[in-house]
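Take a look at the sequence and the fold before reading on.

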Amino acid sequence: MESALQLPIIDLSSQDRNATALSVRQACLDYGFFYLINHGVEETLLERVFDESRKFFSLPVEEKMKLVRKEHRGYTALYAEKLDPTASTDKGDAKESYYIGPLAGNATENDLNQWPSREQLPSWRATMESFYKQALLAGRQVISLLALALNLDENYFEKIGALDNPAAFLRLLHYPGDLRSLDEEILGASAHSDYGMITLLVTNGISGLQVCKEKSDRPQVWEDVIPIDKAFIVNVGDLMERWTNCLFRSTLHRVIPVGEERYSVAFFLDPNEDCVVECLQSCCTESSPPRSKKKTFIKEEK
């Protein structure tokens, strides 16, 4: 039976930045995951986001398919994605989702987002745009703490231009509750790690998220991440692991069915597409040379 993981709780409103950065560092060394509270995203806005998300996913399939994903934006149907290609089942993951990319005026690229009609969902776009902006602010503050945690200037990633035009994507997710008629091996999200800098996740309070701290161990040991009301769950991505010379871990995780309908919202914060990623000076020494070559970040299929 899987055990519950006791993740550190990081208070983004704390005035003691150095102590908070030390806690973030330990969390990234030990788990690659932590809870984030007092993050500045309004509770009422979170409630509206989940309400609008439910409304969209409750639409008939033919209506949702009118917004099928293009240019990394839009709707992905149930079972259309399989995050772990090595999984034994032929069926895709038991989830449906909706991607929203950089907003018009927030980036140099054109607004490629797709939006449900105002006739169907009059408050949907405004709600998601408000959440996107507030989540981006919270994400920038987390990146600042990560810089301090790496013994860098807190504005390091801003100074190198990594967040001048960030590739930040919002993803709404819906996991059906009743999968009893399906194969037992079906997962809500099969095992994977996120490829970018960091991810901020918030759920509707339903469990299902699990992490595997030692991805190479066999058998793999999975531990439950219990949601905390209104808190974000933050995790390190592959790109940040590469930047830190594998000091901070990008941890394998998955979502299992728990017999209840589950909604979550993930905010992926990645750098500019032309950002050069190379081992940070504070993370490499003669005894621990860079494990990866310098690389320009290029947005991948999400």
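## Buried residues, strands and spaces

Val-265 counts as buried because its relative accessible area is 1%, and the cut-off for that word is under 20%. Please keep in mind that this is a predicted model. Val-265 sits in strand S13, which covers residues 262-270. Leaving aside residues up to four places away in sequence, Val-265 touches Val-49, Phe-50, Phe-131, Leu-170, Arg-171, Leu-172, Leu-200, Leu-201 and Val-202. For a sense of scale, the C-alpha atoms of Val-265 and Leu-163 are 21 Å apart in space, while the two residues are 102 places apart in sequence.

Strand S13 also leads us to the open space in the model. Which strand gives the most to the lining of the largest pocket? That is S13, with five residues. Other strands take part too: S6 (167-175), S7 (189-192), S8 (198-203) and S12 (252-255), like S13, each supply at least two residues of this lining. The lining has 32 residues in total, and those nearest the centre of the pocket are Leu-83, Arg-171, His-192, Asp-194 and Phe-268. One of these, Arg-171, is also among the contacts of Val-265.

| Space | Volume | Lining by class |
|---|---|---|
| Largest pocket | about 520 Å³ | 14 nonpolar, seven polar, eleven charged residues |
| Largest cavity | about 60 Å³ | eight nonpolar, one polar, two charged residues |
| Second largest cavity | about 30 Å³ | two nonpolar, two polar, two charged residues |

How many cavities of 30 Å³ or more are there? The count comes to two. The largest cavity is lined by eleven residues, and Tyr-175, Pro-176, Ile-256, Pro-257 and Val-258 are the closest to its centre. The second largest cavity has a lining made up of Asp-11, Leu-12, Ser-14, Arg-17, Thr-20 and Leu-145.

Next comes strand S12, one of the strands that supply the lining of the largest pocket. With S7, S12 runs antiparallel, joined by two bridges. With strand S9 (residues 209-212), S12 pairs in the antiparallel sense over four bridges. Which residue of S12 is the bridge partner of Leu-209? The partner is Val-255, and Ala-189 stands opposite Val-255 too.

Where does Asp-93 lie? Asp-93 is in the loop between strand S4 (74-76) and strand S5 (96-100). Why is Asp-93 called buried? Its relative accessible area is 3%, and the word applies because that value falls under 20%.

Note on methods. Residues numbered from 1 in each chain as written. Predicted model: local features only at pLDDT ≥ 70, side-chain atom pairs only at ≥ 80, totals over all residues. Heavy atoms only, no water. 1 Å grid on protein atoms, 1.4 Å probe; cavity = no way out; pocket = protein on both sides within 12 Å on 5 of 7 lines; lining within 4 Å. Points joined across faces, edges and corners; volume = space filled by probe spheres on them. Nonpolar A, V, L, I, M, F, W, Y, C, P; charged D, E, K, R; others polar. Buried < 20%, exposed > 50% of the residue type's maximum accessible area, 1.4 Å probe, protein only. Contact = heavy atoms within 4.5 Å. Pairing = 2+ DSSP bridges.
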